[in-house]
Structures are given as C-alpha cells and as structure tokens.
Amino acid sequence: MSLDLDLCYRALGSRDRRFDGRFFTAVKTTGVYCRPICPARTPLAKNVTFFPTPAAAEQAGYRPCRRCRPETAPESPAWQGTSATVTRALRLLHIEVRVDRLAERLGVGERHLRRLFAEHLGASPRAVLTSQRVHFARRMLDETTMPLEELARATGYGSARRLRAAVTRTFGLPPTALRRAQGRSRAVGEAPFELRLPFAGAYDFEGMLTYRAARAIPGVEAVEAGVYRRSILTPSGEGRLEISRVSGAEGEHALRLSLWTRESPLLFPLVDRARRMLDLDTDITAVGAALSKDPALAPLVARRPGLRVPAAWDPFELGVRAILGQQVSVRAATTLAGRLVERLGTSYPAGAAGGVGRYFPFSSTIAEAGERGLAGLGLTGGRARALIAFARAVTDEEVVLLPAADLESLVRSLSGVEGIGPWTAHYIALRGLGEPDAFPASDLGLRKALAERGKPPLTEAQLLLRAERWRPWRGYAAIHLWSSLG
C-alpha cells in the first residue's frame, strides 16, 4: 500500500488526533516508529519514512516507540485493508494460521493472498499475526499481573521463553523491564481479567445497550446499569464477560472488557471476538461519509454518527434467534429464545447472580432434540423444522458460519437450509458474521423508511436499485434505517 509522503509529513507536524492509526512514522536515525500524535520533536523530513501498519514497520527493522506506544493506536483503515478478501483474512487469521489453508478457506490462491497482504498491508500474513500477537502480549504485561508462564499460554506463545524472545526482539527490552506495577488481579476464579478495547471515531454505546437490552436472551445475556453481560464457553471451560464504558474522558475512545474464567484461556481470539461483536474496528467516519451522500441517509447519520452494527457473540446463536423472530415481534422472539435456553441450555451457576446462569444450547443439542424436544415451546411446526434443519446443517458443516469468500456464496449456503430465505440469510450475514454489505431488501421496515410521505413502501426491486449507491456499506444503511423507525 502506498502513502503520500508529503501529506503524511504535514499531518505529522500537526499532531492531529484524527490521523492517529492512519499511518506510522519510522525515523531512520533512531530505528524507532511512532504514531503521528507522538509528543517527541518532529524529525526532519529526510530522516523519516511512513508505513501503513505496525507490522510493516517492524518487518522493515524498526521497533515501537516507548512514549507514544504505537501498538495502542486504534486499528487503522489501512490495517483492515481495502480488499474484502484481506478484511476476511484478517478475521480468520487467528483461527487458521497456515497461509495455504487460509487461502483455501477464502477461495483464492496462496500466492495471490500473499500479494494482497503485501499490497494492502505492506507485510506478509505471518508478519501481521506475529505483530498482533506480540502487541497483545505487551498490553497484557501492562494491564495484568499474570505470571509469564500463564501469560505465554494466554497469548499463544506456549512458553515463557518464547514470549521473552518475541517481546525482547520487538521492543528491545525483556517483559520484566516493560511490565508496570499494577494492582490488578489475575483472570482466574472470582477476579476478572480486564482490558481496554480502544476504538476510533464516534461510538453510540448507550444506543447499542438499548438495542441489546430489548433482544437479550433470558439466562444468557443481560443489560444492567450501563453494562452488557453474557455467559461464554471457551476452550478452557466456562466463563462470562462484561462490556462497559471506561470511566472518565478516556471512555470516549475505549470500552472495558471484563472476563471471568476458571483457567486462563487463550485470550487473543476472545478479545478479537469481543471487538468484532462490538464492531470496534470499523472506520465509522468513512462509512458515514459514504452514506451521507444519499439525501435520505444524511440526516440519520448526522443524528447518530456512532451507530454501528450490533453483531452477535456467536453466529449460530444469532441464526437461531433470527429464525425464532420470523414474522413475530421482538418481544415474542425473546420469549421463545428464553424457553429454548431453559429447556436445552446448560446451567452456569457462577453467572446466576448476574442474570446469565445458563449457556445457549449447542447446534448438536438442538439437532438431536428434534421436533419432539421442541414441543411445547410455542413454535409453529414450520419454525421448529427450520430450527432443526439449521442446527443439523451447522453440526454437519453443510453450513460453515465463518466469513465466506463473498457475500453471495454465504447467502446461497444459508438459503439452502429449509426455512431460511434471503431475508434471514442476509440478517445472519449482517449481525452474525459482520458482513458490511449484507442487506435484507425484502424487509418491510426498510422499504417503509425510504418511502416518501403519503406514498406506499418501495418495492424490493426499487430498494435494491437505490441501495447500489451505498455499497459496500449497505448493512450500515440498514441499521440506520431500522433505527429511524424507532
């Protein structure tokens, strides 16, 4: 990815926070790279070069500045990439670390994927993953008191020796020298692991809480006093998480993740999953600018500039919720979901006091229950069959709930399940898998929201034609339109 050197240098001189995370400045004379808001004296133009990501700077041999901490900058649009393939690859990188398998899952060749990473991110897939992992370890060194062996397991290094080597190589100091004295507790037992989740741009956190409160699955999710809470299952066992605002002025650009587990799990993918659920890595300013070109959307974006996609923690759970919500009210769907959890979900006593004392049932549990196991919940026969068909498709991996090579193939896969039509498929893609261009065009609410006063709703064809100008952000347009209906 190329950067305009003159423009970057002018931005560097201004120290304007709006450029934070958009590029990184490497100083040839010191071997250090910084954020554009670094308080250090501005270096001479002849001594600097610019990189789109920390990984690219580190691959070129530079180490991060200890004053401005470039690894704490909100993720930049460049890091996410302008290519949809790169964006999906970044979301799958922690799941499938082998490049050949990652390329196969994305439906592209390995050489092509490496070329895309080099073009959009300036680094290889392995370099990006290594950079993300070591910076995550640095954050945990600062914000927790976990012993090095435990921290190494939580960050995916496996041993304290490998962690020390990676941290020393990247930051020039061993972990013990970098660690701050913090009175924080370990992430086991009753004491939570806590971590800041920074983001760029506006964030309508209170609106997100209101939305989730109306749809919280009884026993699994709860919203109370400015906190979102839910039960989770990790490879290390049972647990729960909470999301809240960081207190003070810092809360304008960061949320707090609190995580309870019996043992220290591999935390990197859990934190990444929380960020996706909260839609923290979207360049919401760029999305708003694109949608505001439509006169009907401009006032909606101006009214709620921080409105983001309220994504789900678990895409299967969201898919079940979407099927339960077909042609019924939000309240009715919530009631049905609560009954399903009470009958087929498992108990989590440690979360009972916070209203999250159960786990959502596995796909295999629902599939094995069959229609007889769902009897008496208030489902119609067709709804019950659709639920079972969806659970079986996920269990048998006929439907894989991971980002697909493209939106069309994902919708086609979901629509092949009995009882799932285009509306449900697009809704699952949007809120379950975070596909930004998913758009359930048959939705009556969307068609009503754009109709001129006194005129009938748009047809589905008219809405799709209108939505072409919103691509690739049709999903965000849908969220704004739904919100405008109250």
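Tutor: With a cut-off: a residue counts as exposed when its relative accessible area is over 50%, and as buried when that area is under 20%. Keep in mind that this is a predicted model.

Student: Is Ala-225 buried or exposed?

Tutor: Ala-225 has a relative accessible area of 78%, so it is exposed. Ala-225 sits in the loop between β6 (221-224) and β7 (227-234).

Student: Where is Gln-327 found?

Tutor: In the loop between α15 (315-324) and α16 (330-344). With a relative accessible area of 83%, Gln-327 is exposed.

Student: And peptide bonds?

Tutor: Most peptide bonds are trans. Here the bond joining Arg-471 and Pro-472 is cis, with omega about 5°. Pro-472 belongs to the loop between α22 (460-467) and α23 (474-484).

Student: How many residues line the second largest pocket?

Tutor: The lining has 48 residues, and Tyr-211, Arg-215, Val-330, Tyr-427 and Arg-431 lie nearest the centre of the pocket. Elements giving two or more residues to this lining include α15, α16 and α23. The pocket holds about 1,100 Å³ of space.

Student: Which element gives the most to that lining?

Tutor: α11, with seven residues.

Student: How does the lining divide by residue class?

Tutor: Into 25 nonpolar, 10 polar and 13 charged residues.

Key
Residues are numbered from 1 along each chain as its sequence is written. This is a predicted model: local features need pLDDT of at least 70, side-chain atom pairs count only at pLDDT 80 or more; totals for chains, interfaces and linings use all residues. Side-chain values use heavy atoms; hydrogens and water are left out. Helices (H or I, at least four residues) and strands (E, at least two) are DSSP runs, numbered from the N terminus. Buried means under 20% relative accessible area, exposed over 50%, partly exposed in between (1.4 Å probe, protein chains only). On a 1 Å grid over the protein atoms alone, a cavity is a set of points where a 1.4 Å probe fits but cannot get out, and a pocket is an open set with protein on both sides within 12 Å along at least five of seven lines; lining residues have an atom within 4 Å of a point. Grid points are joined across faces, edges and corners, and a volume is the space filled by probe spheres set on the points. Ala, Val, Leu, Ile, Met, Phe, Trp, Tyr, Cys and Pro count as nonpolar, Asp, Glu, Lys and Arg as charged, and the others, Gly among them, as polar.
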